[in-house]
Amino acid sequence: MPPPGAVEPINAVQLDGLQDSELCEDCEEAATDFFCNACQCRLCEACWDRQPAHRRKRVAPGQIPHEKTDLRLIHRLNSIFLSSSDEATLETLHRDDEVTAWFGLEREVQDGRSFMFREHGRFADLATSSRRSWSKPRGNRDDVNCVPSLVSFVGQTGAGKSTLIKLLVHFNQLSVQVQDFPSPVPGVAGRDLPTSEDVHLYADPLTSGTDFPILYADSEGLDGGERLPLAANLRKRREKTESESSGSESGYFPSKNYTEREVQWMTSDTKRTRQFAAGQLYPRILFAFSDVVVFVHRNPRAIEGVLERLLDWGSVAIETTYNQPILPYAILALNATEDETDSRSWDVSIATDSLLESLANTVNKNVIFAKYAELWRKRGKKIDTVADLMMCYYSALKIVRLPTNGRPTLMDAQAQKLYFEIDRGCQLSRAVKADTRMLLNAFEFQAYLNHAFDHFCATVDAPFDFVQCSYLNRRLLSTFEESILTLAVEMIKKKPRPKAIMVLEKLERLIASCIMLDAVRNDIKGTAERIMAQYMPQVDAALKEFSNHHSPCEFYVTGPIPPHLQAYMTNMAFQQSVHAKGVIMRCANVRSGHAAKGHQLSDGRVFARGSYESSFSFQKDRGKVLDNIYITFQLFMDKLAQMSRQGYSLLEGVSLIHRDDALASHYLPIGGISVKVDSDSVGLRYTPFCICCLFGTPEALLPCGHMLCRDCIQAYGIEKALNVLEVECPIKADHERRSLSRSIYLKSDAAGVRILALANGGIRSIIQIEILKLIENQLGGGLSIQSLFDIIIGEGTGGVMALGLVTRGWSTSDCEQNLNALFREVFTKANVQRLPKVSIRPTKTPPAKYRPKPLEDSLIALFHPEPRIIDTPPVINPIAQSTKVAVLTSSATGRKVLFSNYRRQPSTELPYALYPVVDYSAEPRIWEIARSAMAHTDLFKPYTDPRLGRLFFQKDMSEEFLIKVAHIECQATYTGLRKDFPDVLLSLDCGRTLPSHTPSTNSVDTKQTKSSRWTHVTEDTRSIFTDYSWEQREHYHRPSFISLSPLLEELPELDDVLAIPELQRLIRETTDLDIIRKLSAQLFATLFYAESDDAVEDADASEMLVPVRIYCRLLDGTSEMRAVGTLLKTGKFRNSSFVFWEDRHDAQEFPIPVHALQSMVTDRVFVVQRFLIPVFDLKALVHGVLRLENGEEYPLSGFPRKLESA
C-alpha cells in the first residue's frame, strides 16, 4: 500500500461522480480541492483557511479534528462503503463475485442425501494469475514456484469482513495502477440477511505476481444461522432462469465448475446444519493453512466477548492439526470504532498493550477464560494473564482499530497499519516455515489443500498431520539418503512406542553393507576410512532429516488419565491412543512441528507442555551411529577379503555377503515358517529405490512387490537368454512369494534409446495410428511397434494410446479398434451437456461440452478398474514388459505433471512435476491417468486426483515441450546412456493446417470433414531448443529427431467422429511412402547394436584393432526374429551389410553371412557377428551403419560413438 497520506495522480483511476465542473461550496468560483469531514462540505484551497473552524483549529463534537481530505480519497472510500441497494445492481455484483468462490457446502440437500463439500479451484486460478489480465506479468518464471501466504478474515455476520478486504484490495490496486482486481460485495445497510456464502478467495494487488503473493480468504459469518445468504438467493434465482431458458429439454445439466467430496461426518440433525459447518469445518481448514487470521468485530466495548470467540475458534482448530510448524498470527480488527476514541488508541502497539493489560486480571474471573486457563495449567503451562492464554492458540495478537467512514484520512492511515501487520505476520510465518522446511510453493500448497479437504470431509475428530502429508506428497527418488530415510520412517511406524535410536541401530548393519556393495560395484579404492568418508554426507543428511521431520517426540505419560483429558474418553480415536492398563499417552509431534503446541496426542489433544524429547539427537548422537556403521563396514570388508582369498570374485563375494548377512538379518522371514517376527523388520514394496542395495534406480518389479536395480538383477539373476535374466527376490522376508521368479530384459549399455512421442489430437489421433501402421507394413508386418521403441510418451489422446501400447500390449490394430470405439461412445449428441440458450452465469472457464461419466465408463472398460501403471504388463515377451511409458497432463496450478511406469534418477529444476509416489497405494490407476489425459478443457471437465486435485490436458502444451520432456526422461531413466542424442526420437503430431484456420470444438453438431487433401508431410530434424543440444548437433549430424505432421487444408474438430474414415483414407492414399520407407529403415537399423572389447595394437599397420560384436535387440526363438531374418534375406533389406568407419578414414564393410540369415529364418536365432574394426585414434568418433542394397545408410543403435575401452 502507499504510505499514509499519499495521494495518487488524478489519472490513477477513473472516479465515478468526480466532475470538473464541481465548484467550491463557499466561493462557488474555484474547483473543489478538498473535503472537510466535520463540516461535510467541499472547499477549494483558498477557502479552506477562511473557515473559522479551520483557521482557529477547532474540533468537532467528540474531539474530532477537521481533516483536510483530498476529494479523490473521498470518492475512493465512497466506492467501498456506500453500497447500492438496487436489486439489479446487487445481482450483477454477486454474479461477478461467483468466480472468486473457493470452497463451501452444498446448501440444498434433499432428505437422505449426503452433504457435499464443493471446491471451486479458486486457489489454483490465483496460482496461475500471471496469465490473467488483472495480474502483473512475471516474465518466463514458473508461477507455481511462488510461495503464497493465506490471510483469513473471520467473524460474526455483519462485522464487516468483506468491507475490509475490499478496502485493502482497492487501496493496493491503486498502488500498482491496476483497476480490475476482484473484491468482495459488502453487506447492504438496513438488511439483516447474511450477504456472502461459503469461503471466497481474493488476490492482494500489491503482491500478486511476486514471489510471495498474499491471498485473502473471506469466510461467511460464524453465526449466520440457517437462512440462505443474499448471494445464495440471487444465485438460485439465476439458476432457475437458466433452467427455464433451456425450455422443457430434459437433458439440461447446469454447469459445474467445481469438484465435490462427500462430508461423511454430517450424520445427525445437529451436524447437518449450516451453522455447525461454518463453526466446525471452515475453521479447521482455515486455521490449518492460514499464516494470518484477522478477526473482525464491530463493538469494541464488548471486547471480552470478542476474545472469548477467539479462544473458542482457536480451541476448535488447534487440536485438529499436529506437526503444524507455526500457529497463526492473529489480528483483531475492531471495525467501526467510535470517532471519539482516544487518539493514542489508533496506534497498534498502544491499543494492543492497553487492551490486554485492562483484561489481565480477568483470566480467572471470566468463566470462559478461566476454563481455558485451567486446561493449559493442567498441561503444565503458566497462565497468569489473558495475553499468556492467547499465546497458547496464536503466535501473536495485534489489535487494529478502524474508524467509521466519518474520518477518511484516519481510515486511510489505519488501513495502512492493518496491511502492515498482515504483511509482518506473513513474513514471520514464512521465516519459521523456511527454517523447518515446511514452506510450500503454490503447487505443493494445492496438493496439501487436497489432502486437507479429503481429511476434514472424512472426519473432524482426527487431526490433520502436516508431516505425514509432506511424506505422501513427495516423489521419493533413488538416492541413498532418501532410501535410508524411507526405511527409518516405515520402521518407526511399526512400533507403538518407537525409539529413534533403536530404529537407527537396526539400520546400521544394512547401511554398512550397502556402502560396501556400492563401493565394490563402482570400484572405489582406498582404506575403509577413506571409502566411508565419501558416503558420510548422504548418511548425515538422512539422519538429520529423520531427526527433525519424521521421528516423533518420545515423551509419554503413564498412569490414570489426567482430569483435563477425561472429558475426551467418549472420543473413539482418543480411546485407541491410550491403553487400558497403565494408560500411556505418547506425543505425536515431530521436532519441526513441536514448538507451536507442545506435547500433542495423535488424535490432536494437547496434553502437556514441554520441549521435544528423543533418544536420538543429531548433534549429540550422530557420531555414535556413524562409528557403529564404520565398525560394521570394516567387519564386512574383512570378510570380503577372506572370500576373495577363497577364490570368489569381489562382485560375487560382496553380493553373497550382502544377501546372506545384511538382508537376511534385516528382513526376517514372515511367511510359512515358524520364526519370530521382529516388528522392526519391514519389507517395503514398490519403492522408488532398489530395496536391495538402497542405491540403484529400480529397473524391474518382482512378483513379490520388491523393486531391484540393474546391478542387483545382474548379481542375483540367472542368465536365461541374451540380456534376459531369471530373478528370484534376494530378500527372504516372504517365502510364499519369493519363489515366484520373473524374466527381466536388460537393455545393453551399448544400445541406444528410441523414443516415440504422441501428441494430443482427439479423433485426429487416428492419423498417428495410420502412420504407425504404415511403418509396420513397411517392415513386413512381423514387427510390433513396441519392439521399435524403448520409451513411449504421450499427451491427450496420444497418452491414452501410449498407455494402451505399453500397459495393455495393444497392437496398432487394437489401438484403431479401441480408440474408434471410445470416440464413438463419448463423442455423441446424447453425451453433450445441455446448457441454457442464454447464460448469464459467469464462468472462469467455458463449460465442458461432454458429460464425463460415459468417458470414465469407457476407459474403465478398456483398462480395467484396478490395474496400476506400475504393474507388470499382461504380455509374455520380456522386451515388451520393459517398455517404458509416460503421460503428460497439467494441474490446476499450471504445473505440468508426468505419470510414468518406471523409476528414474533424481533431477533438479524440472519444468514439470513427477507424480508423487511413495508406495503402491499411491500409484495411480491406468484408467485414471487416461481420464486425466483425455480431459481437454473444451471437451471434458478435469479429473480430480486425490493428491494433486484437478488434472487435465492443457491446450497450450506444445510439441516442443513434449519432446523436451521425452529427452529429459530419457537421460534420467537409463543408466550408462552416453551424452549424445537417442537413436530416434519420433514425434507424431495429429495434423496441422494454415495458421489462419483454427478448428473449433464449440459446435454441438458434428459434420463430415470437407474434401481435404494431405498436401505434404514434413520430416524435420529438431533439437530440444537448448544450448547443449545445439552443441551436440555440430558433431552429431544424424537426423535422430523426426517430427511427422500432415499438412491438411482443413482439420476436423477434436470430436468429429464422422471425419475418421476420411482421415484414414487420406493417410493411406496420399502419404509419401518414401518418407515412411526411410523412417522404417532407420528404426530397423536400431534393432542392431555393437559391443566392443579392448583394442589390440597392429604394429605393422600402425593402427589399433577393436573387436566388435554385433547383436540383435530381439529375443531368439520369437516370431519377430524370423521376421527380421526374412527382411534381411529376401525382403526390403536384402543384401544389407554392416559398415564401420572412423572419422576422416575409409569405411570397412562386413556383409551379413548367408548362414546367419538362414539361422534367423529357420531357427529364429541371431548369430552374433564378430569383426575387427581398425582405428587410429581410440578417442575418435566411429560410425556404424546398416548399408542397404541401394547404398542408403542408417545408423546402428548407439552410433556414432567412441570405441575406447572404459
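Which residues does Glu 67 touch, not counting residues up to four places away in sequence? In this predicted model, Glu 67 touches Phe 35, Cys 36, Asn 37, Trp 48, Arg 407, Pro 408, Thr 409 and Leu 410, where contact means heavy atoms within 4.5 Å. Local features need pLDDT of at least 70 and side-chain atom pairs count only at pLDDT 80 or more, while totals for chains, interfaces and linings use all residues. Residues are numbered from 1 along each chain as its sequence is written, and side-chain values use heavy atoms, with hydrogens and water left out.

Glu 67 sits in the loop between strand E4 (64-65) and strand E5 (68-70); strands are DSSP runs of at least two residues and helices (H or I) of at least four, numbered from the N terminus. With a relative accessible area of 10%, Glu 67 is buried (buried means under 20%, exposed over 50%, partly exposed in between; 1.4 Å probe, protein chains only). A polar atom of the Glu 67 side chain lies 3.4 Å from the backbone nitrogen of Thr 409.

Burial also marks helix H31 (residues 959-973), where eleven of the 15 residues are buried, among them Phe 961, Leu 962 and Cys 970. From first C-alpha to last, H31 reaches 21 Å, close to the 21 Å expected at 1.5 Å a residue, the expected span being 1.5 Å times one less than the number of residues.

Definitions and conventions:
Polar contact = N/O pair within 3.5 Å; in protein donor to acceptor, adjacent residues only side chain to side chain.
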